[in-house]
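Below is a short briefing on one strand with its neighbours and on one helix. The sequence and structure come before the notes.

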Amino acid sequence: VESGGQPEVPPRRGRRERIRLLSVVRRAVVAADRDLQRGDEDNEPIALAINGRQPTGFAGKVVAIELLDRRDLLQQVVPLVAARSDRPWVLVIVDDGGREDLDAERILTAAVPSDLPEPPTVQRVTFRGEADLRNQIRTAARAGEPAILVTRRSVEPGLAGSNIEEIDQLG
């Protein structure tokens, strides 16, 4: 959208929020990996191969986990989902809420090959903090089946900002 002949520059605040969200998700994945490697009385130790990086010094079960930005949905994520095997893996999509016309869950569900013996589950995960997300990641890694988590941070009422167009649409 242009105003006065000049291209409109997106606000920097959105970029900072996206970077902050990516950082929270990365920390949650690393924390989940530490928790999983310790195991507990009910679960065997599991290590996460984060973004293709194999864990070192771990001899147990390894679950591949990829962390991708929603902005890369069509270029990277959809082909990645279509190419995955039926081994346990987790794909974490960081959804900052941009481009509401692009429904990540629907696109990912449609991208899953129908001939897989165990198709991945596509699940929206709305989290308030890093601990909420870490628990969801641990659960998905322990499930033993492929999973896609579309993550979005929960927005507290009243903190969403005061976008006049949005308020006008809502009444």
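The expected span of a helix is 1.5 Å times one less than its number of residues. Helices (H or I, at least four residues) and strands (E, at least two) are DSSP runs, numbered from the N terminus. This is a predicted model, in which local features need pLDDT of at least 70, side-chain atom pairs count only at pLDDT 80 or more, and totals for chains, interfaces and linings use all residues. Residues are numbered from 1 along each chain as its sequence is written, and side-chain values use heavy atoms, with hydrogens and water left out.

**Helix H4**
- H4 covers residues 130-142, has 13 residues and reaches 18 Å from its first C-alpha to its last, close to the 18 Å expected at 1.5 Å a residue.
- Leu133, Ile137, Arg138, Ala140 and Ala141 of H4 are buried (under 20% relative accessible area, with exposed over 50% and partly exposed in between; 1.4 Å probe, protein chains only).
- These residues lie on the same side of H4 because they cover an arc of only 165° around the axis, taken from the directions from the helix axis to the C-beta atoms.

**Strand E5**
- E5 spans residues 89-94 and is mostly covered, with six of its six residues buried.
- Trp89, Leu91 and Ile93 point one way from E5, while Val90, Val92 and Val94 point the other way.
- In a regular strand the side chains alternate between the two faces of the sheet.

**Pairing of E5**
- Two strands pair if DSSP finds at least two bridges between them.
- E4 (residues 61-69) pairs with E5 in the parallel sense over six bridges, and leucine 67 stands opposite valine 92 in E5.
- E7 (residues 147-153) runs parallel to E5 and is joined to E5 by five bridges; isoleucine 93 stands opposite valine 150 in E7.
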